[in-house]
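The entries below follow the order in which I looked things up.

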Amino acid sequence: MTRLYGSFLLLALAASAVSQTPPPFATNISPQARLIHQSALVIDTHADTPQRFLDDHYDIGNTDPKDPGHISLNKAQAGNLGAEFFSIWVDPQTNQGHFAQHTFDLIDSVYEQAARHPDRMMMAFSVADIERAHQQKKLAALMGIEGGHSIENDIHLLRDYYRLGVRYMTLTWSNTNEWADSSGDVNDPKIQHHNGLTDFGKQVVLEMNRLGMIVDISHVSDKTFWDAIATTKAPVIASHSSARALTNHPRNMTDDMLRAVAKNGGVVQVNFYSAFVDEDYRKAYEAQRPLQDAAEKAFIEKRKAEGKPVTYTDYDHIWREWAAKIPRPPLKSLIDHIDHVAKVAGIDHVGLGSDFDGVSGATPDGIDSAADLPKITQALLDRGYSGDDIRKILGGNTLRVFREVEEVGRRMNTRPEGTQSAQWPPRCRTILTSILIRQRSSECENPSPL
């Protein structure tokens, strides 16, 4: 990515105390937009970078200018990204029989990155942690599970994931699981569906409320969405979804859904994926999809014949090749979706859920990495949004929902006066915060969540 950048920021960055100079600030950003953006606590609720951590041994401290990834510490710093929810996504096709194991491995990969860069990145588990990381000028690393199949129909695993730091869970990915229908296969007659959430699915939602884990309704079917809204006692998020009124994709939210999320007090974090924010791109993608699927199938068969595994990186190469065949939509398409959600749901109910490192480079023109986030601030300012409203969109709304979910969890865990909360023995705290430990100790039975 070769660009011209203002000398002012280059001088400022050169004077900074960080050990490695981050890439310069995005171009064509006015002083007013720059001031607003730099004063915000920017929070993105969805990045698939853990796939790269695990499969590519990618280091988030990477400084390679040719690296196509969206997230690195330098790119995050250049874009003033303060907190990132890293997606813990387990491919249901290639991980049959060991969803939980792969979930643990991905969680471990995030911890390993934070341990590798303690001066620039820290694990965060609460609103207070995010704010503390921001004060220390570190990237707050949070985690959200993408797909309820990761709990393997076991509420105990849900609790364990929370104890390890997972702070949201998307009820489904593109696959329907045993307790919730997905938008990705809702019309597939070969899939057994549940007409939304099962009774166990509703128990999962309520247990997430009790834990203080955010309920994420991106990817779910419309009926699952309405069941989740009717069940939850806390605000929900759509961690990476856009507006269906503008781009007719089932992953996007209808206007009625947007209004329901607003009534619930939640936030819709707009996805940056081109096929979710631009109708022309979506149609072009759907038109070439049969050819892309055939090419993908042929590649998989070839790898299997050679006795080689097919990794996420292999898929990503194919997806990038085919995405490049379609012209990128303008940045305006993304801003239109943010603007639409703000107008329909209200300014307090819209945020950013980029899907960085999960869309194979298929983002609107000008958004090549986290370093380009200031362009969104400039575009919103150009449309007449105030600094206060822009700061809400950039992260304030997400922080508010997280705080309210934490409070609901505290209220649901309140015990009658005179009773005591079970506490983890010190040894158990060590066990359950070490990702390498997979089995619960008998000493760690039935405590209340940390």
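This is a predicted model: local features need pLDDT of at least 70, side-chain atom pairs count only at pLDDT 80 or more; totals for chains, interfaces and linings use all residues.

**Entry 1: a helix pair**

I began with helix 7 (residues 155-163) and helix 8 (residues 199-211), which pack with their axes 11 Å apart and at an angle of about 25°. Because angles under 35 degrees count as roughly parallel, I noted helix 7 as roughly parallel to helix 8. I then looked up the hand of the crossing between helix 7 and helix 8 and found a right-handed one.

Which residues of helix 7 meet helix 8? I listed I155, L158, R159 and Y162 on the helix 7 side. On the helix 8 side I listed F200, Q203, V204, E207, M208, R210 and L211. For reading such lists I recalled that an α-helix has 3.6 residues a turn, so residues three or four places apart point the same way.

**Entry 2**

I then looked up the pairing. Strand 7 (residues 236-238) runs parallel to strand 8 and is joined to it by two bridges. I237 has V267 in strand 8 as its bridge partner. Strand 9 (residues 350-352) also runs parallel to strand 8, with three bridges between them. Here I noted V268 opposite V350 of strand 9.

What do strand 7, helix 10 (residues 255-264) and strand 8 make together? I recorded a right-handed β-α-β unit.

Within helix 10, I found M257, L258, A260, V261, A262 and N264 to be buried. The elements that cover these buried residues include helix 9 (222-231) and helix 14 (331-344), as well as strand 7 and strand 8. After helix 10 comes G265, and I noted its positive phi, near 90°.

**Entry 2: the whole chain**

I counted 17 helices and nine strands in the secondary structure of the protein. Of its 450 residues, 58% count as buried. Among contacts between residues at least 6 apart in sequence, I recorded that 73% join residues at least 24 apart.

Technical notes. Residues are numbered from 1 along each chain as its sequence is written. Side-chain values use heavy atoms; hydrogens and water are left out. Two strands pair if DSSP finds at least two bridges between them. Helices (H or I, at least four residues) and strands (E, at least two) are DSSP runs, numbered from the N terminus. A crossover is right-handed if, with the strands pointing away from the viewer, the path from the first strand over the helix to the second runs clockwise. Axes are lines fitted to C-alpha atoms, for helices over the stretch in contact, and angles run from 0 to 180 degrees between N-to-C directions. Angles under 35 degrees count as roughly parallel, over 145 as roughly antiparallel, 65 to 115 as roughly perpendicular and the rest as oblique. A crossing is left-handed if the near helix is turned anticlockwise from the far one by less than a right angle, and right-handed if clockwise. Contact means heavy atoms within 4.5 Å. Buried means under 20% relative accessible area, exposed over 50%, partly exposed in between (1.4 Å probe, protein chains only).
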